[in-house]
Amino acid sequence: MILKKVILFAIIALVGLLSVSRVSSYDSAKEPSVVTIDGKKGIKLTGFHPILKERPRLIAKPEDKARMQEAIASGNGGKKYQELAKKLAPYIEQHQKDPDYLMSRMPMHWGEGKHYTHFPAYPETEPVDWNSFDSPYNYEVPFQLKPYDLDASKRSGNAPVPTIRVGYHFDNIKTGAGNRTAWLNLGEIDAYCGELVYVGDQYVKDHKEYAPWTGHGVEQYLIKISRLASDAALLYFWTNEEKYAQFACDYLMQFTLAFYFQDPFNKINTTERFISRTAFNGMDINSSYLRVYANIYDLCYDYLQENEKHYLSGDFYPHREGEVDKVALWKEMKDKKISDVIDQTFYKFAYEIMDMVLVGSLDALNNHCIWSQQSADFFLAIENDTLRAKGMDVIVYSDELCKERMAVWGRPTCFGSLPINKQVEYGFSDEGYWTESTTYLPIATGRVIGLLKTLDRHGYNLWEQNTAALKSFWAPFRLMYPNRHLAAYGDAYNVSQKKSGIGNMYQLAVKNNLPEAEDLKYKVKWAIDNGFSKPLSQEEMKELPESSGIELPRTDLIKYVPLYLQRNNALDKENGLMATMYCGNYTHCQPEGISMELYGKGFKPVPHVGYTVFGSKLHKEYQNRTGSKNTVIPGNLPLTHDDMMSGKYDLQLYAMEPMPNKQAVSESMSFIETSLPYGGKQRRNIALIRTSETTGFYVDIFRSSNPESNEYRLHSIGNNFSVFNGKTALSYVDDPGHRDEKLGDHFLKDRKMFDGKLTENLQAIFNFRDEENNRVLEFNVHMLGREEYKVCTATGEPRTAADKPFNEMRSPALFVDIEGEAWKRPFISVYETAEKEESNIRSIKRLVDDGPFVAVEVNDASGKYTVMSSDSPELHNSCEGWHFQGTYAVIKEGEDSMEVYLGKGKSLGNDKLKITSKNGEEISASLRIYKNKVEIYSTHNCELELNGKKHKIKAKVKSAI
């Protein structure tokens, strides 16, 4: 029988049950606990641990049960119940007729004499081919045994019951078709599956073969079974129908007795680390599927007590003859209570997760959130006060486990993932950002908050020490595009930010008398006013201010990436503008160069590449390679993950106006310039220029010093695109290049190369349809041309960080290559998104020849813009009668208005007006002339000379002349 997908309602129901204020009753003492551990009396733990007055309850509240039963009887809650019961019905029916059908398909060590309990790791430092190793089978695809993989030939021990399968290798492996394995439905794999499991291929639909068990495979099949069992436990809790309890408890006890007898995966080489990647006992525990066993125990507690001997004697096992040694099992279990067995198993399982993974693994922070939550749930389900307190001491208070490993290794362990306070300290930045890519930001934040709520419900109030977690619900808004999606970087796809739990964070802050409540009430008001949060209760709304007074900043810096952004009309989906630049060293980063995203007319016409299945060929060989980014590649040199982790390629700020959270000098202009030592030195200046309430454009000046070559790459979206030499469409031949696997070019298709010289400016038009508004938009790229440019086009893999539907469509790409340096010959481009054939940009023109100073004229429907950029603020530059000393400046000349924008510099002027800084310092200033008015605003004291008259201008005061 083919298993269906996870039942969403059950998950929602469990989450709802977890939202209650308290689950169990505790004593009220607050002194550190004294417990008896390992026969030693009076051991004092680090902090207070509440003593239960009743059996532990995670989610099984009697009042919830009564309420749901009443709802089912009245019909008010019957629909939800009926939906869940209907979905589970075929599995329950099958289990009653043939319980062995699915139970024999759990990933176990099957076979008489093969219920292994000890699992040594391969101890060598060099990998060996499986065929050269004493493996238990012959595998058709070449595969290497690596350090920390299971040394299958040295497995030992034999439990009286089947033990949980330990994967030979943690990660997924390639099939004979060359791709990652796809795990099939339970009904498609063999009963009593041996060393090989039947698998598919992620990309070749009909490909099937036998492959070795991996940790990822064990996880996938346990997820399928454990979630069905969890749903059944919930139905039993609501209905008292024993058919549901039997289904749930049969799988719970097969899991529990297996782990009761088996040892954890062998700890090896403790001078380095305990275990590779996120594997525990050969399983991938990246999903929170394991914690449902603690929930099943909670929901079916009474049924298990009533059927204690049935389960401890092994009578529930339906397996083939010889699979369960009931005599040996009962010899071990006859003097035990079922709660003792489950307590010991849960404790061993959860403590080993902490010891081997939370301390022993150097893996991603988001994974540690999952493991901490899973460990806490298992500990909190334990009835024995001593075991529960010892485990929770590590989760809540003590860092002794980390210190022990530090003493052995002589260096800090992982990210300080224990206790929870350390996880928050190391996982969140001071600004409340979870320090990974945006895909993981909402996931990990929810997990940490969820763990803190769980601890709170069970007598541990830790909010005051972990207020950084409360800030995390505001942080995503700073990364938000006007269409309510988050900026993407690293391993991130398109993440929506349409709703927020910030209201709940405010309520927690108020409830716990935290000083953060004062700041949060303004942010909650902003979130409610802008539709991101539901209104609070009437009484709570009275405590909020009438106005939040908050506006998203015009520019921002997300330090941990680092990422720099600028925006204008932050919440206007149709007319807002926003641009980002990013490259850096953080968990789940990618080798990016100075990459960018751009926004216009409700879409990102220049999206980040995103990512697909983590560790897949597409991810490793395309999305994680520099060629897939919107950047300039110097000398055909790829960046690597090792490069990024060195910290050498963290993007540095060269200049910015306005600075984050500072007053902008201009309502319509801003810019950011960054630098990176990639292939020599690189600097990128992206300016945002608003031309009206509904229009605007970006100017991109990219300098790169590599003496060999430099290639500009832009990956866009669209149904089709055209490229022109001036107004003449380019003629193409097949492109023999762009096949460098180091850059990911082997994933490109439709490669074409312009077969002539670029005698005029280059224009590329990417057309894409806005289905929601039934219109066609176009993204225009205007680049100052050079005869030396080699122009190529191609299509790349779909960019999963793009807006729908373009995240599933191949991405049109433009490549412009020049031999030699591009520092004095920078790539200068102007970008605009508009409705088809309604572009406001008429032309662009080079005003200054090659050199350290460049200038471009942009003729727009709103006027003429002269954009100037210098690679040194010490140079004195002239252009079209204007004199400039500084980094960046723009002069806008409209029909009835003018703006002189000194983005950053010491002076800017002509024979009629001049802005000059005091004492030779760099300043930012904007002078506007309109309707016979003259206004100026400056970041510093400066001097304005206008029509021969000098005026002293005070800093940060809008002055009318």
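Reader: Where does tyrosine 203 lie?
Author: Tyrosine 203 sits in the loop between strand E8 (196-201) and strand E9 (208-212). Keep in mind that this is a predicted model.

Reader: Why is tyrosine 203 called partly exposed?
Author: Its relative accessibility is 49%. Buried would need under 20% and exposed over 50%, so tyrosine 203 counts as partly exposed.

Reader: What makes up the nonpolar patch that includes tyrosine 203?
Author: Tyr203, Val204 and Val613 form that patch on the surface. Together they have about 240 Å² of accessible area.

Reader: How do you know whether lysine 950 is buried or exposed?
Author: Check its relative accessible area, which is 56%. The mark for exposed is over 50%, so lysine 950 is exposed. You'll find lysine 950 in strand E42 (residues 949-953). Lys950 also gathers with Lys914, Lys918 and Lys952 in a surface patch of positive charge.

Reader: And what makes glycine 903 count as buried?
Author: Glycine 903 has 0% relative accessibility. Buried means under 20%, so glycine 903 counts as buried. Glycine 903 belongs to strand E37 (residues 897-909). The C-alpha atoms of glycine 903 and methionine 656 are 7.8 Å apart, although 247 residues separate the two along the chain.

Reader: Why is strand E21 said to be largely enclosed?
Author: E21 covers residues 696-704, and nine of its nine residues are buried, so the rest of the structure largely encloses this strand. Gly696, Tyr698, Asp700, Phe702 and Ser704 point one way, while Phe697, Val699, Ile701 and Arg703 point the other way, and all of them are buried.

Reader: How do you know that E20 and E21 are paired?
Author: Pairing takes at least two bridges. Strand E20 (residues 682-690) and E21 share nine, in the antiparallel sense, so they pass that test. E20 and E21 form a hairpin with five residues between them.

Reader: What joins E21 to strand E31?
Author: Six bridges do, and the two strands run antiparallel, with E31 covering residues 822-835. Tyrosine 698 has tyrosine 831 in E31 as its bridge partner.

Reader: Why is the contact of lysine 422 with glutamate 425 called a salt bridge?
Author: Their side chains meet at 3.5 Å, N to O. The limit is 4 Å, so the pair qualifies as a salt bridge. Both residues are in helix H15 (residues 420-427), three places apart, which means about one helical turn separates them. Lysine 422 is partly exposed at 28%, and glutamate 425 is partly exposed at 47%.

Reader: What makes aspartate 850 and arginine 786 a salt bridge?
Author: N and O are 2.9 Å apart here, and the rule asks for within 4 Å, so the pair counts. Aspartate 850 is in the loop between E32 and E33, and arginine 786 is in the loop between E28 and E29, so the pair ties together parts 64 residues apart in sequence.

Reader: Are those two partners buried or partly exposed, and what values decide this?
Author: Arginine 786 has a relative accessible area of 7%, so it is buried. Aspartate 850 is at 41%, so it is partly exposed.

Reader: How many salt bridges does this rule give?
Author: The count comes to 35.

Key. Residues are numbered from 1 along each chain as its sequence is written. This is a predicted model: local features need pLDDT of at least 70, side-chain atom pairs count only at pLDDT 80 or more; totals for chains, interfaces and linings use all residues. Side-chain values use heavy atoms; hydrogens and water are left out. Buried means under 20% relative accessible area, exposed over 50%, partly exposed in between (1.4 Å probe, protein chains only). Helices (H or I, at least four residues) and strands (E, at least two) are DSSP runs, numbered from the N terminus. Patches are made of residues with over 30% relative accessible area and no salt bridge: like charges are joined within 9 Å, nonpolar side chains (Val, Leu, Ile, Met, Phe, Trp, Tyr) within 5 Å. Accessible areas come from the Shrake-Rupley method with a 1.4 Å probe; for residues, only the protein chains shown count as cover. Lys and Arg count as positive and Asp and Glu as negative; His and the chain ends are not counted. The place of a charge is taken as NZ of Lys, CZ of Arg, CG of Asp or CD of Glu.
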